[in-house]
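Have the structure open as you read.

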Amino acid sequence: MEGAETSSTRAPERRSLADSVTPGDVSLSSLYAGAEPTTVTPGWRRVRLLAFAAYFGVLAWIVIAEGVPTARASLAAIIVTGLALTSIGRTWRHTAQVVLDWLPFTAVLMLYDRTRGVADHLDISLHERDIVRAEEWLFGGTEPSVWLQHHLYHPGHVYWYDALCTLIYTSHFLATPILAALLWLRDRALWLRYITRVVVLSFAGLITYCLFPEAPPWMAARDGLTDPVARLSARGWIWFHLGNVNETLANAQNDGANPIAAMPSLHLAFAVLVALMIGARIRSRWRFLLALYPAAMGFTLVYCGEHYVLDLVAGLGYAWAAHAALNRWERHRPRRADGAERPESCRDPGDLERFLRA
């Protein structure tokens, strides 16, 4: 009887935890296990607030003095430090979980940036002229980057749309880690789904870049295969009177990124993934507007000379394929593991929180 009474009283306790705990105070894995969250005293909460105030102050100083961080290592350090501050007043296991959760994600993204020259060691020829010819064939003899810059780009003047394109391009470096951090704080199960897709997309891109190295439009123009195409992705900072940021991003592009990693466009693929994951969390009839983000990213990449339209099509295909394949794997994995179906309300990642609170 005592065992029965104990089990009957534990179930409502788990339910009250899901209802009462604040985001970031406990991971979903501990809720499933029935573990109590670590209580944080008011004194520790004040210490945490002061630590976050100092953190955001230092971050603002870095942005003003050095520009928006785009290097993977810098972004990882900023994100992990911010998440580690949520451990103030808790046990060391919470801090260890931050590091262990984010280490593989960070390692994959840094490996993505270190693929420069791999194709040279594999002795695979660079795809440059063939892509230009294919693009011109698709668009009636016109290469889209050349056409857009002929109509919109003026070397002597930076327009508002140049600035907007720079902001959209820069968001590629920020949107993925920021969304991952927010999901980690609010819903670790959905965070795991998202981060799995990011890792799969990154590895798929790595393999393709090694086997099919492709020069972007600005490089093909530099090599005399097309009419002039300037690399405009960092130029918009001049419109904001932030010339140092323009120089920082340009240097990051030249020193850190792989210049022949154009096929597929992971800029577009990650933008599609961000839209898909956010769309899974909302039920508003306006969620279709999320498609504007990858659409704007696609226009930016072509106008700024970073990618061909064919690269965008491939990036869209990679994102949809990774998302669909992992959705199918996640749906069937529980059946193979324990022979039982997941609850119907838990099949949609957007319904996970409502399922816990049911």
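Arg235 and Asp162 make a salt bridge, with their closest N and O atoms 3.4 Å apart. (A salt bridge here is a side-chain nitrogen of Lys or Arg within 4 Å of a carboxyl oxygen of Asp or Glu.) Arg235 sits in the loop between helix H11 (217-222) and helix H12 (243-255), while Asp162 is in helix H9, so the pair ties together parts that are 73 residues apart in sequence. Helices (H or I, at least four residues) and strands (E, at least two) are DSSP runs, numbered from the N terminus. Asp162 is buried, at a relative accessible area of 3%, and Arg235 counts as buried too, at 11%. Buried means under 20% relative accessible area, exposed means over 50%, and partly exposed is in between (1.4 Å probe, protein chains only).

Before going further, a word on where this comes from. This is a predicted model, in which local features need pLDDT of at least 70 and side-chain atom pairs count only at pLDDT 80 or more, whereas totals for chains, interfaces and linings use all residues. Residues are numbered from 1 along each chain as its sequence is written, and side-chain values use heavy atoms, with hydrogens and water left out.

Searching the whole structure turns up six salt bridges; three of them are in the table.

| Salt bridge | Closest N and O atoms |
|---|---|
| Arg235 and Asp162 | 3.4 Å |
| Arg197 and Glu330 | 3.0 Å |
| Arg222 and Asp223 | 3.3 Å |

Take the Arg222 and Asp223 pair. Arg222 is exposed, with a relative accessible area of 55%, and Asp223 is partly exposed at 38%. Elsewhere, salt bridges that share partners join Arg193, Arg197 and Glu330 into one network. Arg197 and Glu330 are both buried.

Now for the rings. The whole structure has six aromatic pairs. Rings of Phe, Tyr and Trp (its six-membered ring) pair if their centres lie within 6.5 Å; planes under 30 degrees apart count as stacked, over 60 as edge-to-face and the rest as tilted. In one of these pairs, Tyr161 and Tyr303 have ring centres 6.3 Å apart and planes at 65°, so the pair is edge-to-face. Tyr161 lies in helix H9 (residues 160-186) and Tyr303 in helix H14 (residues 292-303), so this pair ties together parts that are 142 residues apart in sequence. Both Tyr161 and Tyr303 are buried. Trp286 and Phe288 pair as well: their ring centres are 6.1 Å apart and their planes at 35°, so that pair is tilted. Phe288 counts as exposed, at 52% relative accessibility.

Tyr161 and Tyr303 also belong to one aromatic cluster with Tyr159, Trp160 and Phe299. What does Tyr303 touch, not counting residues up to four places away in sequence? Its contacts (heavy atoms within 4.5 Å) are Leu148, Gln149, Leu152, Tyr153, Tyr161, Asp162, Cys165 and Leu232. Asp162, on that list, is the salt-bridge partner of Arg235.

Next, the interior. A nonpolar core is a set of buried Ala, Val, Leu, Ile, Met, Phe, Trp, Tyr and Cys residues joined through side-chain atoms within 4.5 Å. The largest has 45 residues, and those with the most contacts inside it are Leu83, Trp102, Trp191, Tyr194, Leu201, Leu273 and Tyr303. Helix H4 (72-85), helix H5 (92-113), H9, H10, helix H13 (266-279), H14 and H15 each give two or more residues to this core. H9 gives the most, with eleven residues. There is also a second, separate core of seven residues, including Trp218, Met219, Val229 and Ile260.

One backbone detail is worth a look: Met263 and Pro264 are joined by a cis peptide bond, with omega at about 0°. Pro264 is in the loop between H12 and H13.

Finally, the chain overall. The protein chain has 16 helices and zero strands, and 46% of its 358 residues count as buried. Among its contacts between residues at least 6 apart in sequence, 78% join residues at least 24 apart.
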